[in-house]
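User: I am new to this structure and would like to learn how to read its features one at a time. Could you give me the general idea each time and then the case at hand?

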Amino acid sequence: MQRNFLNLSQQAVRALLTRRLRIYSDGIPYDFERLPLKKLLNACVVETSVYFKPSRPWGWPTHLMVEPSSHCNLSCTLCPVTVGLNRPQGHMEFQTFQKLVDEVGEYIFTLLLWDWGEPFLNPAIYDMIAYAGQKGIKTISSSNGHLFAMQDEADKVIRSGLDTLIFAVDGITQATYERYRQGGKLDVALEGMRTVVARKKALGSKKPLVNFRFIVMRHNEDEIPQLKELARSLGVDALTLKTLNPSSQDPYAAEQEAEKQWDFLPRNQQFWRFKCDGMRSRVRRVRNPCKHPWYHPSVHWNGVVCSCTFDPQEKFPLGDLRQTSFRKIWSGQPYRRLRRQFRADWNQVPLCRECSYAYEGGDCSRESISEAVFFPGPL
């Protein structure tokens, strides 16, 4: 841990001297140049606080996850939206998003515009992307891709300035695709990718980077050799192979729901996210590497702030933007209590005890992508 802290310190010094920084998200590099000193100094303070884990935050978030919508047009097998969210569903209002970005946007490097639901069902999504981009924030979103088969939608996402668009497509035949993406049409999702790629070229735009995302599961792992050629033929910028998370996406889910996820685990252990003693026995970490309580909150469509994406049911809300400011929430008692509990014994925190970070190999930000393949761009 001391060596890691030393490496981070050296990176911080280089960033302060050059005003440049490279950040990876799901295997994709994002380069920042001419960074404001204020943003860099905050990042240094935040990384230091991750090491010492104070209950009162020393800095402001450097990354955000925002849920534009909790509605979805598919019914993916292991998703909490399919099982049923025990909270109201809806679209985030632009005013809620604007309030959040106005408060902390000057410190944010990357904004993940998804959580639970299809983000592009929100009519205000393109305004959100453009507004965040004006603040110097790199925007990343994930979609099942069906809407982008329509040229108007493809043009909107390109003109919004989105930095990366992930197409979540987990099969190269309809049979394998719909095993997980229930209700989806593979030909429509692929046409969505083709349309965005073609419209980027027509509009002379380098953005968004089109990322073909493929979660490797037992029923589709044999398709990987053909998958790479398919991705190349579509003209996408990147193909990322993501490992399945066989721990529950919802730590509070019924036992049978959590157990069902193991049936999708691929046979090839190269694509296992976790180190296991046996087929269904993950190796528990001694030290949890999660940094989310100090740098990366999640905000649901209704303005409820949670510590991370692993609280889809809002069992542990930390505040509500409809009632108070984000800054008060970030430094408020619920957040401070969570940080104290995590530092004292994260195994006693229900939200953290069964999170994927609790197991070897489960670091969602660094270890979930088993392979990233990049293709030459058209421009």
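Analyst: Let us begin with a polar contact, which is a pair of N or O atoms within 3.5 Å, where, within protein, one must be able to donate a hydrogen and the other to accept it, and where residues adjacent in sequence count only if both atoms are side-chain atoms. Here the side chain of arginine 339 reaches the backbone oxygen of tryptophan 330 at 3.1 Å, and the side chain of arginine 339 also reaches the backbone oxygen of serine 55 at 3.0 Å. This is a predicted model, in which local features need pLDDT of at least 70 and side-chain atom pairs count only at pLDDT 80 or more, while totals for chains, interfaces and linings use all residues. Residues are numbered from 1 along each chain as its sequence is written, and side-chain values use heavy atoms, with hydrogens and water left out.

User: Is arginine 339 buried or exposed, and which residues is arginine 339 in contact with?

Analyst: Buried means under 20% relative accessible area, exposed means over 50%, and partly exposed lies in between (1.4 Å probe, protein chains only). Arginine 339 counts as buried because its relative accessible area is 0%. Contact means heavy atoms within 4.5 Å, and, leaving aside neighbours within four places in sequence, arginine 339 is in contact with Pro54, Ser55, Pro57, Pro293, Trp294 and Trp330. The C-alpha atoms of arginine 339 and lysine 53 are separated by 7.1 Å, although the two residues are 286 residues apart along the chain.

User: In which helix does arginine 339 lie, and how are helices and strands assigned?

Analyst: Helices (H or I, at least four residues) and strands (E, at least two) are DSSP runs, numbered from the N terminus. By that scheme arginine 339 lies in helix α13, residues 333-345.

User: How should I read a strand such as β5, and which strands does β5 pair with?

Analyst: Two strands pair if DSSP finds at least two bridges between them. Strand β3 (residues 63-66) runs parallel to β5 and is joined to it by 4 bridges, with leucine 113 in β5 as the bridge partner of valine 66. On to strand β6 (residues 138-143), which pairs with β5 in the parallel sense over 4 bridges, and here lysine 138 in β6 is the bridge partner of threonine 110. The chain crosses from β5 through α5 to β6 in a right-handed β-α-β crossover, a label that applies if, with the strands pointing away from the viewer, the path from the first strand over the helix to the second runs clockwise.

User: What covers the two faces of β5, in terms of burial, and what does the side chain of threonine 110 make a polar contact with?

Analyst: Both faces of β5 (residues 110-113) are covered, with Thr110 and Leu112 buried on one side and Leu111 and Leu113 buried on the other. Threonine 110 counts as buried because its relative accessibility is 3%, and its side chain makes a polar contact with the side chain of histidine 63 at 2.5 Å.

User: What is a nonpolar core, and which residues touch the most other members of the largest one?

Analyst: In soluble globular proteins, nonpolar side chains tend to be buried together. A nonpolar core is a set of buried Ala, Val, Leu, Ile, Met, Phe, Trp, Tyr and Cys residues joined through side-chain atoms within 4.5 Å. The largest one has 89 residues, of which Phe97, Phe120, Val169, Met193, Phe212 and Leu239 touch the most other members. A second, separate core of 15 residues includes Leu35, Ala43, Met65 and Leu112.

User: How many salt bridges are there, and which parts of the chain does the pair of arginine 327 and glutamate 106 link?

Analyst: A salt bridge is a side-chain nitrogen of Lys or Arg within 4 Å of a carboxyl oxygen of Asp or Glu, and by this rule the count comes to 20. Arginine 327 forms one with glutamate 106, their closest N and O atoms being 3.8 Å apart. That pair links distant parts of the chain, with arginine 327 in helix α12 (residues 326-330) and glutamate 106 in the loop between α4 (94-104) and β5, 221 residues apart. Arginine 327 counts as partly exposed at 29% relative accessibility, and glutamate 106 likewise counts as partly exposed at 37%.
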